[in-house]
Amino acid sequence: MAVPFPCIPRLRQHLEQYIAGQPRPPLAELLAAAPTPLAQLARKFQLSALEQGILLLCLGLELEANLQPLCAQAQGREQATSATLSLALGLFAATNWSALSHQCPLHQWQLVHTASGQWLLQAPLTLDRRILCYLLGTPDLAPPLADWLTPLSAARFPVKLPPSYQAISDQIAQLWSGAQGVYPLIVLVGRDPLVHQQMVAEAGNRHRLQVLALPDAVLPSLPGELKALQRQWEREAILRNGVLLLQVADLREGDHKSAIALFLNTISTPVIVSCRDRLPPLDRAVITLEVPILPHAEQCQLWQQQLNDPVLQPGSFNSPLDCLISQFQLTPTTIQSVAQQLQQQAAMDRDAEVIAKQLWNICRQQARPNLDDLAQRIPTQATWENLILPDRPRQQLEDIVDQLQLQAGVYQNWGFAGQGSRGLGLSALFCGESGTGKTLAAEVIAAACQLDLYRIDLSTVVSKYIGETEKNLRRIFDAAEAGGVILLFDEADALFGKRSEVKDSRDRHANIEVSYLLQRMEAYQGLAILTSNLKQNLDPAFLRRLRFIITFPFPKPESRAAIWQQIFPAQTPTQDLDFAKLAQLKIAGGNIRNIALGAAFLAAKDRHPVTMAHIRQATQRDYLKLEKLLTQEETAGWDEVS
């Protein structure tokens, strides 16, 4: 194999002169003929002349096997065919013993490896494979970094950053400009990691820094393994002039959280953290940059660029695109994905209304939050016909739907959003006895507005551990704001109770939870519905922040008759049902549904249509559950029908 560097023959001559005891040229003269990568390596790691000579000797032995017998001859041992510290000190006439130190860059950065189990000065030295490839100009990256590092460049992202995000990228570049070699730890907090990648890549491009992304899951929890990985990255960062983008997907408690903190506290090369939530305090200065949801105008512009469809352009009051942006707080990455899906599904001959509806449904699916462990998504198939209410509460429910559907026009086109974001969300209290239709009304609203309805499971939200309840609630509200959903807090008085006088630590923490809820309810820009049987138990501060308070009355006989008339599906066979007499039962709609379902099973068992007798039997069983007695007044005249 031809030797690629002219300094190798000179090194051979140097060895021969050393063996013969002849005078040798100064080491500086030999290094002057060394390959350019060696000089770059020396500058990056601040290598002394002796340390460069050791690297050159190890490189020569890797490239020319004929040097090995000369090494053995120079050391007076037939088996000593490798470079050693003893050989280097003699060959280069060095008197500096710093190459023995752990702090010597050769050992600190693992540029060379020393064989174990031998005398230190006589131990064989070998070039690290990554360093050998660097000197030869061959790309290389050792595992585990090779398996996880992702190089980022501005060219990788075809869509330009929106102006507000470009400003953050410029701020990162400005922070690096004044760093003077000591780069600050920057934390980007936001929902879209791909946007973080693009912002950092563009800032790195301006400073000729190579940005590489690494997921936090790669970080080992054992300190020794973590330190080895960190040192491997720091060496790579120096070789590449690189910046690490550490992508924190989930800041879990325990060893993983400790590993992230230890890594960030001790890393010496430039690093930026991308995460959804703020990091806990570290033992070093941190610059946190919030990456908020794009303002309405920039989201609109991004949608126009991605859709490129004249039928979906804004302009009119409460246009479909304005409604979409107002309801779904999508990230730029999600907007691109939605636009691609729409282009694949939409046909050229479809009209604007069909395309807008299709776009809405795609956004609804894409933005659906991951709340399965804290909330239950309720299917919304109920319609206004299923909801039997007096005129006043029904009108209030219709007002809620109107405000949800018209909020884009009022907030954006008429300028109310420009006065501040607080208080723009919709919050409503549905109060009334159990079974009067509160949850059903929430389903009707969700179906009318084509939004998902999530019922909050209070048993998983409320925690006995300090701070956990607030953390769970924050997850719910953050996900709901991003996903355009309706939140339903059933039996809300258990969570939104009155603040009490502080008598012990439990009272204080309970009051903190209520205060946190007050803040989030006021800032939440979606629809939050609270249901309660006991309105008087709610904190008055909540009532002040509610835009709607709707009372669901116990149904009167005419309302109960209407509920009975529509409670049985059209496919259910019935016989001689008297709805006026059924309305004599003093029960709410929820109980009517339970009785109707029970009667249907009794009739199915008899292979007979549902009759008044079946309903009487089902009512008796339901009353036992309610610990009530079925009175003669409620069943007066039933026998005549049966």
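Strands, helices and cores in a predicted model

Tutor: Five bridges join strand β10 (residues 426-432) to β14, and the two strands run parallel. The model is predicted.

Student: Which residue of β14 does Ala428 stand opposite?

Tutor: Strands of a sheet pair through backbone hydrogen bonds, in either the parallel or the antiparallel sense. Here β10 and β14 are parallel. Within this pairing, the residue of β14 opposite Ala428 is Phe548.

Student: Six strands form an open sheet; which are its edge strands, and in what order do the strands lie?

Tutor: The order is β3-β5-β6-β7-β4-β8, with mixed pairing. From one strand to the next the twist averages 25°. An edge strand pairs on one side only, and this holds for β3 (150-152) and β8 (286-290).

Student: Which helix lies across β5 and β6, and at about what angle to β6 does it run?

Tutor: Strands β5 (residues 210-215) and β6 (residues 242-248) pair in the parallel sense over six bridges. Leu212 is set opposite Leu244 of β6. The helix across the two strands is α12 (residues 223-240), and its angle to β6 is about 135°.

Student: What does Trp303 touch, not counting residues up to four places away in sequence?

Tutor: Trp303 is one of the core residues that touch the most other members. Beyond those sequence neighbours, Trp303 touches Asn308, Leu321, Leu324, Ile325, Leu330, Ile335, Val338, Leu359 and Cys363.

Student: Do α3 and α4 count as oblique or roughly antiparallel, and is their crossing left-handed or right-handed?

Tutor: Helix α3 (residues 36-45) packs on helix α4 (residues 49-63) at about 140°, with axes 11 Å apart. Roughly antiparallel requires an angle over 145 degrees, so α3 is oblique to α4. Leu38, Leu41 and Ala42 in α3 meet Gln52, Leu55 and Leu56 in α4. The pair is therefore oblique, and the crossing is right-handed.

Note on methods. Residues numbered from 1 in each chain as written. Predicted model: local features only at pLDDT ≥ 70, side-chain atom pairs only at ≥ 80, totals over all residues. Heavy atoms only, no water. Pairing = 2+ DSSP bridges. Helix = DSSP H or I, 4+ residues; strand = E, 2+ residues; numbered from the N terminus. Axes fitted to C-alpha atoms, helices over the stretch in contact; angles between N-to-C directions. Contact = heavy atoms within 4.5 Å. Core = buried A, V, L, I, M, F, W, Y, C linked by side-chain atoms within 4.5 Å. Buried < 20%, exposed > 50% of the residue type's maximum accessible area, 1.4 Å probe, protein only. Parallel < 35°, antiparallel > 145°, perpendicular 65-115°, else oblique. Left-handed = near helix turned anticlockwise from the far one by under 90°.
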